[in-house]
Amino acid sequence: MKKLFTIFLFVLLLSMTVNAAADIEITFWTHEDPNRTEIENRYIEEFEQANPGVTIKRVTSGSGQIQELLLTAFAANQGPDIFNMSIEDEYAYIVNERLAPVDFEAAGYPSLQAVYDAYISGVLDPATYKGQLYGLPLELTNWCIYLNKKAFKDVGLDPEKDYPKTWEEMVEVSEKIAVREGEILQRRGFDFRYPYYLVSTVPMVEQLGGQLISDDGKTAIVNDEAWLKFLKFMQEWGPSGKNLGSPTYTNARKLFNMDNNDIGMCLTGLYQQGRIRSDNPDFYNSGEWMVVPFPVFKNAVKDVPAAYYGHYYMVNGQKPKENQKVAWKFVAYMLSHPEEYLTKVNIVQPTVELMNSETYKSMPYSEVFTNDMAKGHIVYYGENSAKIQSHIREAIESVMLAGVSPEDALKTLKRKVQEVLDEG
Amino acid sequence: MSKRIPTYNIERKKARWGWIFVAPTLIFFSLFSFYPIFNALYTSLFKKKLLSLKPPDFIGLSNYIYLLKSPDFWNSMRATVVFTLGTFVPLLIFSLIFAIFIMSRKRFQNFFQIAYYSPAVLSSVVAAVIWLIIFDPRGLGNQWLNLIMNTPGIDHKWLANSVMVQMSTMLVYFWKYVGYFTIIFIVGLASIPHSIYEAAKIDGANDWKNFWYITLPLLKPTTILVSIISMLQCLRTFSTQYLFTQGGAPLAPINVITLNIYYTAIRDHRIGRASAMSIILFVIMLLFTWVQFKSSRADEISY
Amino acid sequence: MSYILQGKKNEINRQSLIIDIFIWAFLILAALFILAPTIFMFTASLMPANDILKMPYRWIPKGLYLQNYWQGIRGNDGSFIYIRNILNSLIVASAVAATTVIFSALAGFGLAKYYFKGRTLVFMLIMATMMIPFEAIMIPLYLVTTKLGIQDSYAGLIAPFLVNAFGVFLMRQYFITFPDEILDAARIDGASELMIFRTIILPNSIPAMATLAILTFKAQWDNLLWPLLVVQSEEMKTIPLYIVKFMAEKHTDEGAMMAVAAIASIPILIVFFKLSKYFLGGAALYSSRKG
């Protein structure tokens, strides 16, 4: 009896250590989005049940903080297993070889090519490097103009017909909708999506024929005339010009949901609908809002809408192979619910299947987004895109807020971006 | 001979105890202050990018040379100097005035001290959030200033105009710390024994002479203390500028050195250059303090 | 004659009355200005967001809109994690205050009352650390912290702040003026140095230690940059991190924002009021000891 008992104890202990060895904890860092948190927490539960020995720890941070958190964690070689950011922020991780390539087997695909085939052509290119694929898209987003019909009707405009199609019209309509006390704007028409200039304003320059970087990647700020026109436009928009808006007012898209008669239009993506629905269901259901395409300058050289950007789920290459496998398996599991991401969170996964589905086509105004996306291109991503964006921000803010002349601002911008390119 | 040995032993024993008392703190500073600053000095001699797994390139003093020639760096110096002078001078003057006024009152001394000090109790993040709303074009900032200056409807662009945004950061800092330094001055004032004033009264001095020839000179150590601490604090300011830029304010006018260091490291990943900037800031702070100490021997004062 | 003297007296009285009124007015206006933002925070926390940015601002809220507080504590994800975050701030700030006081007292005492070779150098070195900008050492510190494996933990939040130069300076200043005779008398009676420290120095330094404790507590309560780097999970966040997170999430709901800010401020304001007697200038610090 005693011997049996000892053997039993030994086996029990052995099994426990074996289980302990099989216990894998996956850390998963992402940005906050209450709608997405809800469904992903459920996926975690389901995945843990189906894969005993795996625990997944999900942590959210503000989108302004996650970039810093990931950076410091990786700098100490302590990054999480799974994370996502906008591709411009993620690119440095790819180039510095911090990531694990997509394990297509764990993700449930027969081959790497099958992964590419499942997605719309081109969307996986930004995450491809030296022949390897390093991320799977969580969302591909572009921005269009949401407008509040009540604001239009309030000033005698018909939203269906009079919505602004050019930037010049945008100025006129915003002027009509604006309500001021002295200099202070109580209600704005449209206001820009400061400080996301790479996505929202570089296309405006491209409409005028300019470029951020030349095609060969060597020269910064191409076509001075286009850039000057653009900077002059922003100066006119701001407090020292027509005073239609400024970066120091509350973000337009955050006010829009509240329907508080303080903003007429904002620039944002399909996901905004989910937020309107949860923040203000009455407004959502009232139908007093609509979406129209990104305006184009009257004498534009090219028809370019706002750039689209993507968030890709990526896996840490410094973690053990076992972790990487499980991580990709989990990522694929989450991403196998594109319709739920669409209906509950309003984010679009650019899979062929989803884009052709009824669900997608039946989302309000999805065709506006699709049309614009088809015309557009991905946002500039490169190792130094954050720094370049901050230089653009400086240029725009200096002409809008600091009284710097567009010519001087352009000179500074050119010099600084060129320096970034040259330093590499 | 036999008299000397015991005292010598006691002195040695005391000296050893001195080291023992100081040791834990020294060990801590070695690990958490000295090692990191030397590490930063070392890093500043390299071209290092935070995410790169490759070994960094040794470039000697190139980071420093680059910084000393960089308009962006000099802008940060300007922003820091402007902020420091613009804040610590009013802080010094007003906290002294408040201290004197409060001490001249017979009642409500405690009330005023508590009231003036209360903002220092709030966290900087809380303060920034409150003031961001006050400085909103529709907020209290415009309302009050327009009321006082009788200019209805004017947007003073607290966070938009490059001059105003600097003043806004100074105002927030001043608001937060004036009470703190007022109390320090009050402590200094209180430590001046009444006997001196009584003696002066017998000699026929009036209030103004009292202030100028007795109070101010005897307050010198306190004043130096306040200057140094407030100046060092101002040179290290970070949260207010960081949170304001996160809230939409332009970066360039308030890109103080600490903020620049932060963004150079965290946004641009250039840890080598950021370390060089930190060393420069460190040297500046050392210099300022040394100059202040030299130009007036602080420490103890006897009556 | 007496009329002239009376006249002069009246003039002086009137002058001093004017000065008096001026001083009162100055102090009261300054108090209003300084208290206004805090009062604003509390009144705004009781209003729906729409009312806060109305022009002109109505100082008295229409009703007690407590939903803001509910929303603030509940958090946007309904997890009530804010309560845990407040606890974290309390734990970290208290621990740092305690260690700072002990270590500063030890070091300050050693520097003030013991003469050893290199004493001045040690003091200068410690003072020099006050000049080290945190941004300079934040990355190396982070690396040290992760090497020790204490990131995202209380230890990691507390470790870099166990003691600071200002505390050492404050305690040293205080101890320098402590009468040597008492210490020598105790030594003659056979007390060891440690006993002297424990039984004579410490009990007589309560005001200074309390002041240091409060100042340190407040500084830690306020700390944004270090927790920003070292905290990686929701549970370990401190109050400033929660506020920054909340600000990013619901930037528009100023009412909830102010409620979150108010919740963060109330405990420390209470602590401050209760302990204020310890560092209000004038009486406490000096009169208790000086003859």
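Predicted model: local features only at pLDDT ≥ 70, side-chain atom pairs only at ≥ 80, totals over all residues.
**View 1. Chain C and its two domains.** Chain C is divided into domain 1, spanning residues 2-70, and domain 2, spanning residues 75-286. The C-alpha centres of domain 1 of chain C and domain 2 of chain C lie 33 Å apart, and the contact takes twelve residues from domain 1 of chain C together with 14 residues from domain 2 of chain C. In secondary structure, chain C has 15 helices and zero strands. Of the 291 residues of chain C, 55% count as buried, while the chain exposes about 12900 Å², of which carbon and sulfur atoms supply 70%. When contacts in chain C between residues at least 6 apart in sequence are considered, 72% of them join residues at least 24 apart.

**View 2. The largest nonpolar core and a second one.** The largest nonpolar core holds 315 residues, and among these A:W237, B:Y116 and C:F40 touch the most other members. Helix α7 of chain B, residues 162-190, gives the most to this core, with 17 residues. Domain 1 (2-70) and domain 2 (75-286) of chain C both give residues to this core, so the core lies between them. Leaving aside neighbours within four places in sequence, A:W237 is in contact with a set of chain A residues, among them A:M170, A:V171, A:F190, A:F192, A:Y194, A:L244 and A:M400. A second, separate core has 21 residues, including A:C144, A:C266, A:V368 and A:F369.

**View 3. B:L122, a buried loop residue of chain B.** B:L122 lies in the loop between α4 (109-121) and α5 (124-135) of chain B, and with a relative accessibility of 0% this residue counts as buried. Not counting residues up to four places away in sequence, B:L122 touches B:W175 and B:K176 as well as the chain C residues C:T38, C:M41, C:K218, C:D222, C:S265 and C:L269. B:L122 and B:F32 are 90 residues apart in sequence, and their C-alpha atoms are 27 Å apart in space.

**View 4. Helix α16 of chain A and the residue that follows.** In α16(A), the residues A:P338, A:E340, A:Y341, A:L342 and A:V345 are buried. What covers the buried residues of α16(A) includes the helices α2 (34-50), α15 (321-335), α17 and α18 (358-361) and the strands β7 (136-141) and β15 (309-316), which belong to chain A. The helix is followed by A:N346, whose phi is positive, near 60°, in a residue other than glycine. A:N346 is found in the loop between α16 (338-345) and α17 (352-355) of chain A, where it counts as buried at 1% relative accessibility.

**View 5. A:I221, with a positive phi in a strand.** A:I221 has a positive phi of about 55° although it is not a glycine. This residue lies in strand β12 of chain A, residues 220-222, and is buried, with a relative accessible area of 2%.

**View 6. Salt bridges in the three chains.** Side chains of opposite charge can pair when their charged atoms come close, and a search of the whole structure finds 32 salt bridges over all chains. The side chains of A:E46 and A:R42 meet in one of them, with a distance of 3.9 Å from N to O. Because A:E46 and A:R42 are four residues apart in helix α2 of chain A, they are separated by about one helical turn. A:E46 counts as partly exposed at 29% relative accessibility, and A:R42 counts as partly exposed at 32%. A network of salt bridges links A:R42, A:E46, A:E340 and A:K344. In chain B, B:D268 forms a salt bridge with B:R267, the closest N and O atoms being 2.8 Å apart; B:D268 is buried with a relative accessible area of 4%, and B:R267 is buried with 17%. In chain C, a salt bridge joins C:R187 and C:E193, with the closest N and O atoms 3.0 Å apart. C:R187 is buried, with a relative accessible area of 19%, and C:E193 counts as buried at 5% relative accessibility.

**View 7. A nonpolar surface patch on chain B.** The residues B:V81, B:L85, B:V89, B:I93 and B:F94 make a nonpolar surface patch of about 400 Å².

Methods:
Residues numbered from 1 in each chain as written. Chains lettered and ligands numbered in written order. Heavy atoms only, no water. Patch = residues over 30% accessible without salt bridge, like charges linked within 9 Å, V, L, I, M, F, W, Y side chains within 5 Å. Areas by Shrake-Rupley, 256 points an atom, 1.4 Å probe, with all protein chains shown as cover. Salt bridge = Lys/Arg side-chain N within 4 Å of Asp/Glu carboxyl O. Core = buried A, V, L, I, M, F, W, Y, C linked by side-chain atoms within 4.5 Å. Buried < 20%, exposed > 50% of the residue type's maximum accessible area, 1.4 Å probe, protein only. Domains from an automatic or database assignment. Contact = heavy atoms within 4.5 Å.
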